[in-house]
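I opened this model to look up how its chains are built and where they meet. My entries follow in the order in which I made them.

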Amino acid sequence: MFTDDAGKGGISAGGPGNSENSARRTGGDLVQLITPAGERISHPEFDAWLQDVSDEQLGSLYEDMVVIRRIDAEATALQRQGELALWPPLLGQEASQIGSARALREDDFVFPSYRDNGVAYCRGVKPEDLVRAWRGNASAGWDPFTVNVATQQIIIGAQSLHATGYAMGIQNDGADAVAVAYFGDGATSEGDVNEAMVFAASFQAPVVFFCQNNHWAISEPVRLQSHIQLADRASGFGIPSMRVDGNDVLAVMAATRIALDRARHGGGPTFIEAVTYRMGPHTTADDPTRYRDANELEDWAAKDPISRLKALLERKGLLTADFEAAVAAQADAVAKDLRAGTINMPEPQPLDIFKHVYSTPNSWLDRQQDHYSRYLASFGDPAEAASEEGAR
Amino acid sequence: MTQMTFARAINSGLRKSLENDPKVILMGEDIGALGGVFRVTDGLQKDFGTHRVVDTPLAESGIMGTAVGLAYRGYRPVVEIQFDGFIYPAFDQIVSQVAKMHYRTQGAVKMPITIRVPFGGGIGSPEHHSESPEAYFTHTSGLRVISVSNPQDAYTMIQQAIASDDPVLYFEPKRRYHDKGEVDESSDLAAALSMEKARVVTEGKDVTLVAYGPLVKTARDAALAAADEGVSVEVIDLRSLAPLDFVTLEASVRKTGRLVITHEAGQSGGLGAEVAASITERCFYHLEAAPVRVTGFDVPYPYSKLEMHHLPGLDRILDGVDRALGRPNSLSGLEG
């Protein structure tokens, strides 16, 4: 299952001889542990990484996936109602995000993209903080150090380098935490992602490159980005990789655990391709009907990550009416919090635009702020005057 | 006081920073065993180890982006960009990440990154080795931009830049690397002139001549030559390019009433334009003449046999001084 035949042995054992074979590999390598019908398939290597996943934890993974789908739907509704300027739905990618994020340790550090709201939610980001930037109330939603998640990156792939640098810092500190970069299929074409893999391999940095191949970069299909499987790109950098069914929460979790364990024990970086599908638009401003076939969506709907985990729970007799009701109630409660938190979010004040540009006073900016506050005050509007005071 | 070259003074400042703060980490291409192509980091890897003086792969965006990650982890990366013209692959990481991170995170994430850039021409190099890209960065909010003109400042200001919690671009005039000067290595950093302040390096009363980096020496030579003709030129070394120290600039222009700005970079949208416009706004009624810019031309940096035509030299600067004073000059008789 390792596209680098070196497997867990690390990058030096494989050697360049494998790259030709790897390049010819197809989706046949995809690791799947739960079929779309909810059947649990055993796997000689991955199963060992899931032995501690109890029935209760399986239910909890299901709950997280249902809740994040509900958050996603609520945020889309808030955008349609004019409460958010924009929203990037993650519909269809719940297993990739929850399965990987739930594998992390608290001291691991995540560098996510703008679509990784499921990851952020798992790490403890509050629902209203997920939408703060999309409402236009801030440039980013949270303090990264409170949840060990960097703010969501909009420049495609830029965060892969940040994760690698952070991992180099972990290495220097002699710690055993891991940095995880989340990005999509489109990002694999960016120079930054390729440079990140060069640096990560050279320094054997404890970083995991978690690529959600959701098949679409806005309107561009993944075949425009790559003529080989994305996971196979890693071998060219000397980085072992895995290709897993990204709609299978257990396959994703096991792969992430394997990669984290390797990084923690000095084995360096790993590239994971989680094969999933963006069932919604790129953002609420997008119209996928202009560029993709409705049949494709239907095919992927049949592989839905939540339906298949639900089917597995049912097979195991865990899908009781009480459980379903509790999960639904939790999803509704979080959605309600999200809505209230969004609508009641305090408005930013005009002079806030000058805050935090620098960490120390800056004479140019102080002058511009002074002039603009005089300008605002020239209207004699008490509200403006008050907000000016508030900003100081 | 020790006599040392410009390059050695930076080296000494880097060494001091590495000694004083275990979070300081140097990154760049060829900075280890080689000591950098200009030998500025000579001996540092040997003394501080490969984990603190890091030879990186040849990827400028990679260097800058990993520096961002290291800063996230609490480090103070000092990045060397080998030549001015090689900074552009890192431009996105500098402008979109380094400069904006503190603002984006409402102050939660600091970016105490120092970006060292050997810049400017005059050394007979091929294309991409002689550029002056500072205005791209002075135009970018969130960055501090400084340029040093002498070994003492080079020594002091590299340490100030590294100690700053804001990202700093530190422009080193590569054609002055071998110039020698007195450096006081025992000087107290806290007592040193702030890196945000300009310095009057030659006092004068007839015209203010503003320069930075490699042209400060040229400007001082021009002031000496002008004195022979009875013209008193006040030379200001900007030191900080962003923010500009308008307190020092205004005080000088209010005194002299005339302003000449010189830099190697092209004229359009250059730093001279910002100085001229701001000084005109701030002390219009003290000006006796329009500000004059003596700069490189708006051409790609020329092949080296012609570079001395491009670079403002002593005579072109004096011609600019004559223009500011209304004395006969190369443009006498032309409007505007």
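**Chain B as a whole**

I began with burial and noted that 56% of the 336 residues of chain B count as buried, a residue being buried if 20 or more other C-beta atoms, placed from the backbone, lie within 10 Å of its own, exposed if 12 or fewer, and partly exposed in between. The model is a predicted one, in which local features need pLDDT of at least 70 and side-chain atom pairs count only at pLDDT 80 or more, while totals for chains, interfaces and linings use all residues. Residues are numbered from 1 along each chain as its sequence is written, and chains are lettered from A and ligands numbered from 1 in the order in which they are written.

I then listed the secondary structure of chain B and found twelve helices and 14 strands, where helices (H or I, at least four residues) and strands (E, at least two) are DSSP runs numbered from the N terminus. The radius of gyration of chain B, taken over C-alpha atoms, is 20 Å, close to the 20 Å from the globule rule for 336 residues, so chain B is as compact as a globular protein of that length; the rule is 2.2 Å times the number of residues to the power 0.38. Along the principal axes, the C-alpha atoms of chain B fill a box of roughly 60 × 40 × 40 Å.

**Domains of chain B**

I looked up the domain assignment, whose bounds come from an automatic or database source, and it gives domain 1 (2-191) and domain 2 (199-325) for chain B. Their C-alpha centres lie 26 Å apart. The contact between them takes 24 residues from domain 1 of chain B and 21 residues from domain 2 of chain B, two residues being in contact if their C-beta atoms, placed from the backbone, lie within 7 Å. On the domain 1 side, helix H6 (134-138), strand E6 (144-147) and strand E7 (168-173) of chain B each supply at least two residues, and the largest share, four residues, comes from E6(B).

**Where chain B touches chain A**

I next turned to the contact between the chains, which takes 32 residues from chain B and 35 residues from chain A. Helices H3 (60-72), H4 (91-98) and H5 (101-104) of chain B each supply at least two residues of the chain B side, with the largest share, nine residues, coming from H3(B).

**Core**

Which residues touch the most other members of the largest nonpolar core? I found that this core has 190 residues and that the ones in question are Ala179(A), Val180(A), Ala181(A), Val207(A), Ile272(A), Leu209(B) and Val321(B); such a core is a set of buried Ala, Val, Leu, Ile, Met, Phe, Trp, Tyr and Cys residues joined through C-beta atoms within 7 Å. Helix H12 (residues 249-264) of chain A gives the most to this core, with eleven residues. Leaving aside neighbours within four places in sequence, I saw that Val321(B) is in contact with residues including Val207(B), Leu209(B) and Val260(B).

**Backbone points**

Ile218(A), not a glycine, has a positive phi of about 45°, and is partly exposed, with 13 other C-beta atoms within 10 Å.
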